[in-house]
Amino acid sequence: ADSCCFCLVCQGPPVWHKNYPVAQGNRQSPIDIIPHQTSHDPGLGPITLNYDQCTSINITNNGHSVVVEFEDPDDRSVILGGPLDNPYRLKQFHFHWGGKGCHGSEHTVSGNSYASELHLVHWNAVKYKTFGEAATAPDGLAVLGIFLETGDDHRWLHMITDALYMVKFKGSVTDFKAFNPKCLLPSSLHYWTYLGSLTTPPLHESVIWIVLKEPIIVSEKQLGKFRMLLFTGEEEDERIRMENNFRPPQPLKGRKVSFK
Ligand SMILES: CCCCNCc1ccc(S(N)(=O)=O)cc1
Ligand SMILES: [Zn+2]
């Protein structure tokens, strides 16, 4: 998948199945979450995020999103509990967003989408040796999804948006130390959970999704700064603005969505 796996110019999600047949699989993400059709699973506990010792490394434009990567040599920053049988290590977080004023989240709630969605990507280092190996296993990854809704400025998001000018072009990367994503969480950790996939190629069906019910609030101005990023590299003569880098909801195919 080259950097243009989203932009309409070079074909977006509708053609991914040609190179990635799993795109038409039985546990694809994202999905439309219909709250009154979700089931309360009494076995589900609360989730815990142990991020206090997390070590961010850098921020990069990978041609489909802007990604903050973390050191993951041990269980210094993990997500625990909820549907998870093991601690999952924080590897990176990234965002999906729309165009000016239009929606950009990947998951939707009763058909409604949010302006953007933050994904905190974790991997099962108890069962698998590397992130790459975990990314192909049915219980390999746990992604925490957080909706972003427009309103007032987010008090901490500026730490990310202030760095975006440094990673305007695909393939650019810059140091990004001592950022703790705990500051991007809403007040409630109530969530929906279901078995799904990566939402970009290679679309591996390896993700236990945990989507928080409560969105965080960010301003249109802050979101606008994400739209100054480019899908294209510095050397390319055509500049394609990075926006609408979200996959639409996929068929539920009989899956259960639980809540806590
Ligand atoms: C085999 C290597 C896979 C790399 N893939 C990264 C990746 C992580 C998370 C998501 S998302 N958007 O489902 O959270 C997509 C893609
Ligand atoms: Zn994502």
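Biologist: By class, how many nonpolar, polar and charged residues does the lining of the largest pocket have?
Modeller: This is a predicted model, and the largest pocket in it is lined by 24 residues. Sorted by class, that lining has 11 nonpolar, 11 polar and 2 charged residues.

Biologist: Which element gives the largest share of the lining of the largest pocket?
Modeller: Two or more lining residues come from each of strand E5 (66-70), E7, E9, strand E10 (141-150) and strand E13 (207-212). With 4 residues, the largest share belongs to E7.

Biologist: Which residues lie nearest the centre of the largest pocket?
Modeller: The space in this pocket comes to about 450 Å³. Of its 24 lining residues, those nearest the centre are Asn-62, Gln-92, His-94, Val-121 and Thr-200.

Biologist: Where does ligand 1 sit?
Modeller: The residues around ligand 1 include Gln-92, His-94, Val-121 and Thr-200. These four are also among the lining residues nearest the centre of the largest pocket. The place of ligand 1 is the largest pocket.

Biologist: Which element gives the most to the shell around ligand 1?
Modeller: Strand E7 (88-97) and strand E9 (116-123) are the elements that give two or more residues to this shell. The strand that gives the most, with 3 residues, is E7.

Biologist: How many residues of the shell around ligand 1 are charged?
Modeller: The shell includes Glu-106, along with His-119, Val-143, Ser-197, Leu-198 and Trp-209. By class it holds 4 nonpolar and 7 polar residues, and the number charged is 1.

Biologist: At what distance from a nitrogen atom of ligand 1 does a polar side-chain atom of Thr-199 lie?
Modeller: Polar contacts are counted within 3.5 Å. His-96 places a polar side-chain atom 3.3 Å from a nitrogen atom of ligand 1, and for an N or O atom in the side chain of His-119 the distance is 3.4 Å. For Thr-199 the distance is 2.8 Å.

Biologist: Which residue does a cis peptide bond join to Pro-202?
Modeller: Most peptide bonds are trans. Pro-202 is found in the loop between strand E12 (191-196) and E13. Omega of its cis bond is about 15°, and the partner is Pro-201.

Biologist: In which loop is Pro-30?
Modeller: The bond from Ser-29 to Pro-30 is also a peptide bond in cis, with omega near 0°. Pro-30 belongs to the loop between helix H1 (16-19) and strand E1 (32-33).

Biologist: What is the phi of Ala-178?
Modeller: Most residues other than glycine have a negative phi. Ala-178, in the loop between strand E11 (173-175) and E12, has a positive value, near 55°.

Terms used. Residues numbered from 1 in each chain as written. Chains lettered and ligands numbered in written order. Predicted model: local features only at pLDDT ≥ 70, side-chain atom pairs only at ≥ 80, totals over all residues. Heavy atoms only, no water. Near = heavy atom within 4 Å. Polar contact = N/O pair within 3.5 Å; in protein donor to acceptor, adjacent residues only side chain to side chain. 1 Å grid on protein atoms, 1.4 Å probe; cavity = no way out; pocket = protein on both sides within 12 Å on 5 of 7 lines; lining within 4 Å. Sits in = over half its atoms within 2 Å of the grid points. Nonpolar A, V, L, I, M, F, W, Y, C, P; charged D, E, K, R; others polar. Points joined across faces, edges and corners; volume = space filled by probe spheres on them.
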